[in-house]
2 protein chains.
Amino acid sequence: MCVACNHTIHRDRHHFGWNRDFAPALIARPGETILFECLDSSGGQIGAGATADTLASLDFGRINPVSGPVHVEEAEPGDALKVTLRTFHPSGFGWTANIPGFGLVADQFPEPALHLWSYDAASMVPALYGPGGRVPLKPFAGTIGVAPAAPGLQSVVPPRRVGGNMDIRDLSAGVTLYLPVEVDGALFSIGDTHAAQGDGEVCGTAIESRMDVEVTIELVKDARLASPRFTVTEPVTRHLDGAGYEVTTGIGPDLMVAAREAVMRMVDLLAAEHALAPIDAYMLCSVCGDLRISEIVDMPNWVVSFYFPRIVFA
Amino acid sequence: MCVACNHTIHRDRHHFGWNRDFAPALIARPGETILFECLDSSGGQIGAGATADTLASLDFGRINPVSGPVHVEEAEPGDALKVTLRTFHPSGFGWTANIPGFGLVADQFPEPALHLWSYDAASMVPALYGPGGRVPLKPFAGTIGVAPAAPGLQSVVPPRRVGGNMDIRDLSAGVTLYLPVEVDGALFSIGDTHAAQGDGEVCGTAIESRMDVEVTIELVKDARLASPRFTVTEPVTRHLDGAGYEVTTGIGPDLMVAAREAVMRMVDLLAAEHALAPIDAYMLCSVCGDLRISEIVDMPNWVVSFYFPRIVFA
């Protein structure tokens with residue numbers, strides 16, 4: 001329920017992939033606030049009764065639906081869409097999956113795995129995970145974007161200059177996001193809501209969770225923005241940094257290899273210290289651990305660090 | 001002054017590069033605490049009277065001296081050295097430089113530049129930068145490591161499996177660091193102390209600053225550690241996250257290119273919003289902004305984000 005919304009995009013007004021020729025679900029004026037009812041990234045295919053076997057029968061043509069698009073009056077190429085994320089209304093149910101072939105260390109985890117989450121959508125207290133784990137929650141939208149200029153249907157999977165599936169875990173309530181507009185009307189859509197995720201989303205999924213989002217849309221004319229940027233006026237990690245971090249490193253000349261090594265070393269550490277199966281440690285890393293580039297200048301070796309919040313097992 | 005140290009490594013007991021054959025400055029027992037007097041990374045070449053011209057005459061053979069090495073009794077290959085960073089004693093003077101050919105976007109900043117810092121080593125209140133900037137301080141050691149097994153002199157510049165010039169900005173007081181031992185006695189050294197740095201150290205230097213460090217060294221026998229890891233039991237960013245962040249992004253299939261784009265977009269943003277010369281914005285990014293990997297799984301495009309703490313201009 002939104003007390004100050006001008007419009008509602010209902011859950012059935014979603015689309016798969018991006019296309020500058022999609023008919024708008026709504027024509028809105030700059031300054032208006034819209035309630036978007038979003039689906040989870042499986043489009044409802046993974047529900048309370050799902051198992052790892054469900055993953056084998058997923059229809060990938062129905063993955064990552066986004067609600068919209070909204071045609072914003074007066075928006076034209078060169079402008080920036082200013083998107084204020086006002087409030088998230090989480091559903092209380094979520095899932096995290098290891099989908100074969102997808103994820104930072106997919107070669108190490110070839111088998112499908114699925115974890116179902118139940119969390120208190122009112123209190124948003126940390127969600128339980130296995131024996132002793134408690135994962136702090138912070139809802140955000142994994143996919144926020146506008147239509148790319150390129151004609152025809154564009155995959156929803158990769159993020160682009162116009163945003164999309166960016167999976168930036170700090171795109172949560174209170175944030176102002178600026179997106180480059182490439183087509184008349186911008187054609188804004190949002191979805192892929194997550195109850196929690198770490199920087200990197202290393203296993204390929206977060207706590208995937210259906211929720212509704214209140215968004216105010218404004219225009220910055222002729223902004224000539226090169227790529228998305230955002231402003232957050234509050235600290236971003238205080239829900240999970242209270243007990244510090246365990247940190248592993250990957251050191252070498254390739255950032256991707258170093259990132260993989262840092263994550264695998266954390267998987268090994270968590271598995272050893274908390275009696276987790278490696279696949280469970282990997283999925284846990286994805287929902288609350290952070291990939292950081294500690295050093296990118298000391299030629300020829302860079303340091304990528306993986307930060308796991310100790311509060312999960314405190 | 002150290003009240004509980006067993007030994008002091010004086011400032012003149014430093015070396016350049018790593019070498020398993022360097023004679024130890026000290027033979028210590030596991031459990032002992034040592035005061036290391038460290039030089040700054042220029043080895044004293046950049047002092048209070050330095051200018052950008054000083055950079056042209058730097059003797060790079062004297063760059064990044066580290067104090068030590070300490071031979072740790074009973075340490076042997078396969079062990080881990082457990083290093084507890086107890087206290088930093090900063091000097092109050094520091095410098096940040098753009099050294100031509102060095103840094104994440106060296107091609108964009110071909111001219112030398114130097115900023116000298118003066119900070120209150122007792123209060124450690126934020127250090128002033130240009131018109132209106134205040135940079136929160138958090139001292140740490142940029143270079144901490146043990147001798148690599150490879151024979152002969154090894155460059156100090158790249159970090160390695162055994163640590164070294166890792167430039168991880170959270171290796172500050174209270175942290176426990178584990179380093180893989182590759183040679184008998186470990187041969188531990190430390191230096192390259194910094195008063196502040198962001199994740200990435202994007203311009204190639206931090207607030208380079210001479211300081212002394214108290215360190216306790218212990219052994220974990222047969223730890224079989226793949227690369228450095230550390231434990232920090234306190235939050236790591238509360239000194240600078242109070243006002244949130246401005247965040248720019250680089251999106252694409254190459255993490256290095258995306259990192260460069262995210263940083264250049266922040267340089268442009270800071271230059272536009274705070275009337276900074278681009279080179280000054282770049283150096284400011286290096287001492288307090290963070291490179292994070294927001295998403296590394298949404299094939300084929302990854303998102304690298306650059307987080308600049310708003311408190312600097314709050």
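Leaving aside its neighbours within four places in sequence, with which residues is His239(B) in contact?

**View 1. The surroundings of His239(B) in a predicted model.** Contact here means heavy atoms within 4.5 Å, and by that rule His239(B), its neighbours within four places in sequence left aside, touches Pro136(B), Leu137(B) and Lys138(B). The residue lies in the loop between β16 and β17 of chain B, where helices (H or I, at least four residues) and strands (E, at least two) are DSSP runs numbered from the N terminus. With a relative accessibility of 27%, His239(B) counts as partly exposed, given that buried means under 20% relative accessible area, exposed over 50% and partly exposed in between (1.4 Å probe, protein chains only). From His239(B) to Pro126(B) the C-alpha to C-alpha distance is 9.3 Å, although 113 residues separate them in sequence.

The model is predicted, and local features need pLDDT of at least 70, side-chain atom pairs count only at pLDDT 80 or more, and totals for chains, interfaces and linings use all residues. Residues are numbered from 1 along each chain as its sequence is written, chains are lettered from A and ligands numbered from 1 in the order in which they are written, and side-chain values use heavy atoms, with hydrogens and water left out.

**View 2. The interface of chain B and chain A.** Each side is listed by its contact residues, 67 from chain B and 67 from chain A. Together the two chains bury about 5,300 Å², with 57% of it on carbon and sulfur atoms; buried area is the accessible area (1.4 Å probe) that two parts lose on being put together, summed over both. Ile293(B), Val297(B) and Asp298(B) supply 11% of the area that chain B buries against chain A, more than any other three residues. The rule finds 8 salt bridges across this interface, a salt bridge being a side-chain nitrogen of Lys or Arg within 4 Å of a carboxyl oxygen of Asp or Glu. Arg292(B) and Asp199(A) meet through their side chains in a salt bridge, at 3.7 Å from N to O.

**View 3. Strand β17(B) and its partners.** Strand β16 of chain A (residues 229–232) pairs with β17(B) in the antiparallel sense over 4 bridges, where pairing requires that DSSP finds at least two bridges between two strands. In this pairing Val232(A) has Tyr245(B) as its bridge partner, while Thr231(A) stands opposite Glu246(B). Within chain B, β17(B) and β19(B) run antiparallel and are joined by 8 bridges, with Gly252(B) opposite Trp302(B). Because 8 of the 8 residues of β17(B) are buried, the strand is largely enclosed by the rest of the structure.

**View 4. Helix α3 of chain B.** This helix, residues 278–288, is mostly covered, with 8 of its 11 residues buried. Among the buried residues of α3(B) are Tyr282(B), Met283(B) and Leu284(B).

**View 5. Backbone features in both chains.** Most residues other than glycine have a negative phi, and most peptide bonds are trans. In chain A, the peptide bond from Met299(A) to Pro300(A) is cis, with omega near -5°, and Pro300(A) is found in the loop between β18 and β19 of that chain. In chain B, a cis peptide bond joins Met299(B) and Pro300(B), with omega about -5°. Leu187(A), in strand β14 of chain A, has a positive phi near 60° and counts as buried at 5% relative accessibility. Arg224(A) has a positive phi near 50° and, at 67% relative accessibility, counts as exposed.
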